[in-house]
Amino acid sequence: MKSASLAKLGLRSRFDFVLHLPHRYEDETHLTAPEHAPAGKPVLIEARVQRAEIAFRPRRQLVVRADGVVLRFFNFYGSQLKQFQRAAEEGLKVRAFGEIRGGWFGVEMAHPRYRIVEDDEPLPDALTPIYPTSAGVPQARLRAKVLEALDSGPLDDTVPGELRERYALPPLDESVRLLHRPPPGVDAAALVERSHPAWRRVKFDELLAQQLSLRFAYRNRRRRKAPVLRADGRLLRAFAQQLPFKLTRAQTRAMNEVLRDLVEPHPMQRLLQGDVGSGKTIVAAIACLAAADSDHQAAVMAPTEILSEQHARKFGEWLAPLGVRIAWLHGSLSARERKQALAAIASGEANIAIGTHALVQKGVEFARLGLAVVDEQHRFGVQQRLTLRRKGDATVPHQLMMSATPIPRTLSMTYFADLDVSVIDELPPGRRPVTTRLFSATRRGELLARIRAACAEKQQVYWVCPVIEESKEGDVQTTVETHALLAKELNDLRIGLLHGRLPPAEKAAVMADFVAGRIDLLVCTTVIEVGVDVPNASLMVIESAERFGLAQLHQLRGRIGRGTRESVCILLYGEPLSEPARARLKVIYESTNGFEIAQRDLELRGPGEYLGERQSGEPLLRFADLERDRELVEQALEAAGEMLARHAAAARAHVERWLGSRRDLTQA
Ligand code: ADP
Ligand code: MG
């Protein structure tokens with residue numbers, strides 16, 4: 001067994017082995033007579049070996065006849081045949097663990113786990129642990145390694161006694177031993193369901209470690225220096241006098257939270273969460289003004305070129321009249337224009353730089369970066385966000401991350417505990433909820449009439465084509481074909497085509513045409529998924545909606561319902577629908593509330609969707625389940641606060657033990 005294959009299982013330190021817990025158990029503590037074995041349940045039997053031979057029908061196999069039972073092996077070594085033949089000669093018994101089946105010639109077992117035993121060999125008195133493993137790490141060897149680690153001494157407890165008492169947690173040492181070697185009479189169901197107190201203890205410790213490590217990260221960042229920005233400068237006050245609309249209460253609250261952070265000498269780490277269309281952009285613009293007012297620069301990074309263009313346009317409309325200089329870095333700049341933009345950013349002449357991840361590339365130097373805004377933050381990798389932050393030199397710029405994917409509460413309490421969170425939980429007035437309709441793909445024909453009717457009323461329409469997983473170009477291909485087909489069917493309309501493979505200039509031109517109302521129907525891929533804001537679009541068709549995830553459908557649907565007209569989103573689905581797809585479509589049909597959808601999504605699919613880069617590599621939680629162990633989550637949160645305040649050394653030891661050998665991206 002190579003240490004490389006063990007490392008792949010995450011097994012390096014002693015504690016890693018000790019915490020490599022069984023995912024199930026087998027009961028080998030008593031024998032069952034083969035003829036009395038219950039159907040479908042693995043049992044341990046013992047029988048004297050009589051004969052072993054290789055049979056060839058219906059396929060090559062090793063057949064072992066023992067007292068009252070036949071064992072069959074389809075993959076076997078020659079040494080196994082010899083082993084059984086010797087056992088037969090010496091009159092030894094085989095102890096086999098597996099499911100009994102009624103066969104043609106009496107009861108049989110196929111591929112049991114087995115051992116040749118002497119007559120009076122005692123049975124184990126504990127359940128046999130079965131460990132998660134992978135190719136190259138045989139179960140028996142792994143078990144030996146784990147038990148060796150367990151037996152090499154007692155485990156001290158990093159959770160102080162008073163906290164253990166308060167949450168009724170058994171000692172760690174006792175808990176871990178029980179899980180590896182459950183004693184006779186243990187509540188086996190509680191072990192399997194992971195509700196046993198020993199499991200509670202392990203899950204508590206895991207959640208505590210996660211919570212502590214995020215809070216350490218938070219504290220470390222707070223220790224760094226950031227430029228102190230002004231929240232009452234000339235530009236900010238001027239803009240407040242001439243806002244394009246009255247801010248909602250939630251926007252005002254979020255704005256105040258952001259401004260309060262910016263005047264501190266520590267870097268802000270704030271996540272601004274708000275459902276699609278809740279109006280996060282203006283809050284970001286106001287934060288940028290705070291930077292400009294204190295002679296610092298702001299960078300606004302968006303995940304797509306289209307979105308960065310939209311920001312550049314909005315920021316221009318709002319802020320340019322105040323004399324704010326905006327540099328937009330985008331793909332269609334000529335070499336000369338790009339050089340000029342870079343020079344403006346480097347000299348500090350540009351107050352705000354807007355762009356995609358192009359902003360974090362080499363050659364982009366800021367004179368005095370004070371604030372980094374990352375829109376749709378889950379679309380970026382940690383590295384990209386960090387690089388942007390590092391563009392500030394002596395100090396660390398403040399960071400405002402925005403996300404339109406609502407994060408369920410349990411998640412923001414746990415995985416996002418290293419961020420401060422502001423929530424915009426209210427939509428601007430006058431919005432009408434989007435009506436969602438489900439259409440089987442066979443009703444595609446009816447849609448054409450609907451699209452015509454909408455366009456006749458000067459409304460605009462999105463037609464979204466799915467991403468085809470199998471091939472990178474596939475989605476572009478279907479989008480191009482759909483566009484051609486629709487252009488024929490609806491030849492009285494102005495139809496645009498937008499997908500990721502178009503040259504940047506063409507993408508920008510198409511988007512500009514759609515914004516300006518020169519295109520009636522935009523056939524597109526999910527490039528429009530995030531952020532695009534065209535209030536006059538009120539009808540959206542999503543083709544093969546069953547292929548999209550919930551968060552994605554919600555985002556896409558958020559592109560409409562932005563004006564004052566009634567908006568309709570039609571989900572076309574192909575049949576037959578799988579159960580999970582049906583469940584997803586039902587959720588999106590029934591709800592327009594992003595937080596509710598996110599919560600359902602979490603239940604249906606787990607937290608993966610929300611974590612983006614946070615979950616790459618090893619999962620942060622192996623044992624606890626945020627939903628099922630909600631109570632433990634709350635307790636671990638509370639305990640983390642107390643440990644940091646009163647048991648700092650134990651807190652550090654706890655994190656080191658649990659996360660020591662793992663790379664924790666959130667620490668970076
Ligand atoms: P998101 O939170 O999805 O980024 P945006 O910032 O793009 O939302 O805002 C969505 C739309 O709502 C934009 O057209 C924006 O100008 C408008 N908007 C934002 N806040 C308000 C408000 N308080 N009143 C009216 N319209 C608003
Ligand atoms: Mg947005």
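Predicted model: local features only at pLDDT ≥ 70, side-chain atom pairs only at ≥ 80, totals over all residues.
1. A polar contact here is a pair of N or O atoms within 3.5 Å. An oxygen atom of ligand 1 lies 2.6 Å from an N or O atom in the side chain of Arg431.

2. The side chain of Lys280 has an N or O atom 2.7 Å from an oxygen atom of ligand 1.

3. Next, the cover. On its own, ligand 1 has 560 Å² of accessible area. The protein covers 88% of that area.

4. Now the shell. There are 17 residues around ligand 1. Gly277, Lys280, Thr281, Arg431 and Asp533 come nearest. By class, the shell has seven charged, six polar and four nonpolar residues.

5. Turn to the sheet. Six strands form an open sheet with parallel pairing. Their order is β17-β22-β21-β18-β20-β19. Strands β17 (435-440) and β19 (495-498) are the edges, and each pairs on one side only. Neighbouring strands are turned by 20° against each other on average, direction ignored.

6. One strand pair is worth a look. Strands β18 (residues 460-464) and β20 (residues 521-524) run parallel and are joined by four bridges. In this pair, Tyr462 stands opposite Leu522 of β20.

7. Last, a helix on the sheet. Helix α20 (residues 579-590) packs there, touching β17 and β22 (568-573). The direction of α20 makes about 150° with that of β17.

Conventions:
Residues numbered from 1 in each chain as written. Chains lettered and ligands numbered in written order. Heavy atoms only, no water. Pairing = 2+ DSSP bridges. Helix = DSSP H or I, 4+ residues; strand = E, 2+ residues; numbered from the N terminus. Axes fitted to C-alpha atoms, helices over the stretch in contact; angles between N-to-C directions. Contact = heavy atoms within 4.5 Å. Near = heavy atom within 4 Å. Polar contact = N/O pair within 3.5 Å; in protein donor to acceptor, adjacent residues only side chain to side chain. Areas by Shrake-Rupley, 256 points an atom, 1.4 Å probe, with all protein chains shown as cover. Nonpolar A, V, L, I, M, F, W, Y, C, P; charged D, E, K, R; others polar.
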